[in-house]
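This report describes one protein chain, with short sections on its main features. Please look at the sequence and the model before reading on.

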Amino acid sequence: MNSVWKAVIVLSAFIAAAQCLTCLQCPIGVLGACLFGEDVTCQNVTESCYRGQAKFNATGDLTLHIRGCLDSDLCGRTITSNFLGVGFSSTFECCTTDLCNGATSVQLSLTVALCAAILSSLWGVWEL
């Protein structure tokens, strides 16, 4: 019976983790290099992974590349704003699979993880 509870807990953890995406978060990227990048899990199921560009109006040449989690309502949109009196525009391209916004990490698929959890729980039952 103890093995059954362990299997239920493991499966619940995998299902909960599957609800939200894992994305590369890159607060600042210049010339194709991500500075301070890390893999993060989005906070809710309405978020997508995104790649974005912020172009400053004053220079025209300076473009910052950003990546992370973004509410899906902002996908495909261009937003204009000001930062310290300098105008800029940001565009966002979204995707909806783990690490689809440029991360290089290797992740197990949900199917493989679930099969491993089921096999390990069955193994514990067969040992009894």
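A polar contact is a pair of N or O atoms within 3.5 Å; within protein, one must be able to donate a hydrogen and the other to accept it, and residues adjacent in sequence count only if both atoms are side-chain atoms.

## Basis and confidence

This is a predicted model, in which local features need pLDDT of at least 70 and side-chain atom pairs count only at pLDDT 80 or more, while totals for chains, interfaces and linings use all residues. Residues are numbered from 1 along each chain as its sequence is written, and side-chain values use heavy atoms, with hydrogens and water left out.

The predictor's confidence in each residue, pLDDT, runs from 0 to 100. Its mean over the chain is 75, and 63% of the residues reach 70 or more. Helices (H or I, at least four residues) and strands (E, at least two) are DSSP runs, numbered from the N terminus. Confidence is highest in strand S3 (residues 38-41), at 93, and lowest in helix H1 (residues 2-18), at a mean of 49. Where pLDDT is low, the predicted coordinates should not be read in detail.

## Strands around S7

Two strands pair if DSSP finds at least two bridges between them. Strand S7 (residues 86-95) pairs with strand S4 (residues 47-56) in the antiparallel sense over eight bridges; here Phe-92 is the bridge partner of Gly-52.

S7 also runs antiparallel to strand S6 (residues 78-83), with six bridges joining the two. Ser-90 of S7 stands opposite Ile-79. S6 and S7 form a hairpin with two residues between them, and Leu-84 in the turn has a positive phi of about 55°.

## Aromatic pairs

Rings of Phe, Tyr and Trp (its six-membered ring) pair if their centres lie within 6.5 Å; planes under 30 degrees apart count as stacked, over 60 as edge-to-face and the rest as tilted. The structure holds two such pairs. Tyr-50 and Phe-92 are edge-to-face because their planes stand at 75°, with the ring centres 5.5 Å apart. This pair links Tyr-50 in S4 to Phe-92 in S7, 42 residues apart.

The pair of Phe-56 and Phe-88 is tilted, at 5.8 Å centre to centre and 45° between the planes.

## Asn-101

Asn-101 lies in the loop between S7 and helix H2 (110-127). Asn-101 is buried (under 20% relative accessible area, with over 50% exposed and partly exposed in between; 1.4 Å probe, protein chains only), at a relative accessible area of 0%. A polar atom of the Asn-101 side chain lies 2.8 Å from the backbone oxygen of Leu-24.
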